[in-house]
Amino acid sequence: MKVTVDEDRCCGAGQCVLIAPEVFDQRDDDGIVVLLEPEPGADRHALVREAAAVCPAAAITLSEQD
């Protein structure tokens, strides 16, 4: 799985950081979410899917890799 965050859409709510802090973080200056792990291991896929589902700005996209 590959994760991307559209910084232009991100509203800085931080819900993803609360759900998957190993994968997401927020910049101190503006609260925009950044990726710590763009290709998380299989053990984190469920958390990343949950984080994407609760993102109020729909700024997180997931793509499955072969």
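Visitor: Which residues have the most contacts inside the largest nonpolar core?

Guide: Nonpolar side chains in soluble globular proteins tend to be buried together. Here the largest nonpolar core has 19 residues, and V3, C16, F24, V33, V48 and I60 have the most contacts inside it. β1 (2–5), α1 (15–19) and α2 (45–54) each give two or more residues to this core. A nonpolar core is a set of buried Ala, Val, Leu, Ile, Met, Phe, Trp, Tyr and Cys residues joined through side-chain atoms within 4.5 Å. Buried means under 20% relative accessible area, exposed over 50%, partly exposed in between (1.4 Å probe, protein chains only). Helices (H or I, at least four residues) and strands (E, at least two) are DSSP runs, numbered from the N terminus.

One caution: this is a predicted model, where local features need pLDDT of at least 70 and side-chain atom pairs pLDDT 80 or more, while totals for chains, interfaces and linings use all residues. Residues are numbered from 1 along each chain as its sequence is written, and side-chain values use heavy atoms, without hydrogens and water.

Visitor: And how many salt bridges are there?

Guide: Side chains of opposite charge can pair when their charged atoms come close. The count is 5 salt bridges, each a side-chain nitrogen of Lys or Arg within 4 Å of a carboxyl oxygen of Asp or Glu. E7 pairs with R27, closest N and O atoms 3.1 Å apart. That links distant parts of the chain, 20 residues apart.

Visitor: Which residues are in the network with E7?

Guide: R27, D29 and D30 are linked with E7 in a network of salt bridges. R27 meets D30 at 2.7 Å, N to O.
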